[in-house]
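Try each task before you read its solution.

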Amino acid sequence: MDRLFNRDDLKKLYIPILIEILLTVSVGVADTMMVSQAGETAVSGVSCFNTIQNFLIALFSAFATGGSVVVGQMLGMKNLDRAKNSVKDLMYLTLLVSLMLSIVFIALKEPLLRLIYGESEEAVIKAALDYAVPILISLPFLASQSSLNAILRVQGKTKTTMWTSIIANVINVVGNAVFILVFNLGALGVGIATLISRIVSAIILFIASRNKQLQAPFENILQFRHKGNMMGTIFSIALPSGLENSIFQLGKIVMIATIAQCGTSSMAAFSVLDNIGTFANITGQAAGQTLMVVGGYAAGAGRFDESRRLTKVFVSIAYGTMAVIAVPIFVFLKPIISIYSFSPETAALSYRILSEYMIWSTLVWPLSFSFPNILKSSGDVKYTMIVAILSMWLFRVFLARVLGIYMGFGIVGVMWGMYIDWVVRSIAFVLRYRSGVWTEKRIKE
């Protein structure tokens, strides 16, 4: 039987997604450095509101996941009418939810920030509020961008999403430079630059999604009533993904709070690990996102032989590429850490947790985070949600606190809790995959 995707097809999907993620992470680092030019107050204010924004981004990402799974499976079934309806329903749902959240959060932004960060300096709260206004106005554009990205990726238009990301990130960096360095707008300037970049990105992706050459273009926008409404199906996939993503973000916050109790050296060491670890996992993230795209199409076509083949391909890519990145980082770890001008104690702690992280991430991270996307792409989202939430809170949060605080292992113990979380997830996902139950979760024609 012919393969659904040959090697060239997979390269054309994977490489643009990889470049897009790499660019986003790199620009994020540059963004942080530029914001620091506006002073510590601006940095703190932006950081404060970003914890709230990350929850919203996780929610919009869930809608994009739901949409990509449904549209991908409809395309795999060759049911183009339902695929087109799925695109419309995803966008209606995305815009409705994002507009409601934008209005609610604009109204509640100050009491919410004071509730969470009430002990912060007034200047920090003021900076967070300045930053929040344009960011909250941008939510419908951010949500649309996320869903349109998913729609285009699942139809193989990864170059379009990559170039849109490049344009948006350049606008963001230039905007930050202008609004911070020229107009001295501080945190407000950062927010305005982000708003402009998201508006431009959403417009470009909207135009691209209207292309008649697509199998499922975003057309007949004002025809709200149509046969085969897919909103319920999209929501049934998006809701578990949204809960998983949001609770994961909350768990990360609790984990960081635990590390903060371990002392300043631990927080400094973790900040380095967070930056370097993000880069080390980029190729694995790209492999997982590509697997989501091709897995949904294969599930829709009922070609689970292809699903299994593609799983082997992309899990192998994740392992191989992450190992290639981890080895030089491991070898040059001491020179890398020396750049930060840490005290000997903090440098030694950074070296230990980073060296352990490189080993564990290379061995376990792909199975824990890239691999479960084949389950999600088939519609098996409730299982992945339950496993992720239980493992996060039992091991990454609770056990990490026991090891780090009560047993006195500090940040090393906290990190062990996270690695155990990874191992447990991996075992649960592999067992589910081998059971074959996930092949029964695809959308019915």
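**Exercise 1.** How do the residues of the lining of the second largest pocket divide into nonpolar, polar and charged?

*Solution.* Remember that this is a predicted model.
- Step 1. Start with the lining itself: 19 residues line the second largest pocket.
- Step 2. Sort them by class. The lining has 8 nonpolar, 6 polar and 5 charged residues.
- Step 3. Go to the centre of the pocket. Phe5, Leu13, Gln155, Gly156 and Lys157 lie nearest to it.
- Step 4. Find the elements that give two or more residues to the lining. They are helix 1 (7–35), helix 5 (139–154), helix 6 (158–182) and helix 10 (282–300).

**Exercise 2.** Describe how helix 9 and helix 13 pack.

*Solution.* 
- Step 1. Locate the pair. Helix 9 covers residues 264–280, and helix 13 covers residues 344–370.
- Step 2. Take the geometry. The angle is about 35 degrees, and the axes are 9 Å apart.
- Step 3. Look at who touches whom. Helix 9 contributes residues including Phe270, Leu273 and Ile276. Among those from helix 13 are Leu349, Ile353 and Tyr357.
- Step 4. Sort the contact by class: 12 nonpolar, 5 polar and 1 charged residues.

**Exercise 3.** What radius of gyration would a compact globule with 445 residues have, and what does the protein have?

*Solution.* 
- Step 1. Count the elements: the protein has 16 helices and 0 strands.
- Step 2. Box the C-alpha atoms along the principal axes. The box is roughly 60 × 50 × 35 Å.
- Step 3. Compare. A compact globule with 445 residues would have a radius of gyration near 22 Å. The protein has 22 Å, so the two agree.

Conventions: Residues numbered from 1 in each chain as written. Predicted model: local features only at pLDDT ≥ 70, side-chain atom pairs only at ≥ 80, totals over all residues. Heavy atoms only, no water. Axes fitted to C-alpha atoms, helices over the stretch in contact; angles between N-to-C directions. Helix = DSSP H or I, 4+ residues; strand = E, 2+ residues; numbered from the N terminus. Contact = heavy atoms within 4.5 Å. Nonpolar A, V, L, I, M, F, W, Y, C, P; charged D, E, K, R; others polar. 1 Å grid on protein atoms, 1.4 Å probe; cavity = no way out; pocket = protein on both sides within 12 Å on 5 of 7 lines; lining within 4 Å. Rg over C-alpha atoms; globule rule 2.2 N^0.38 Å.
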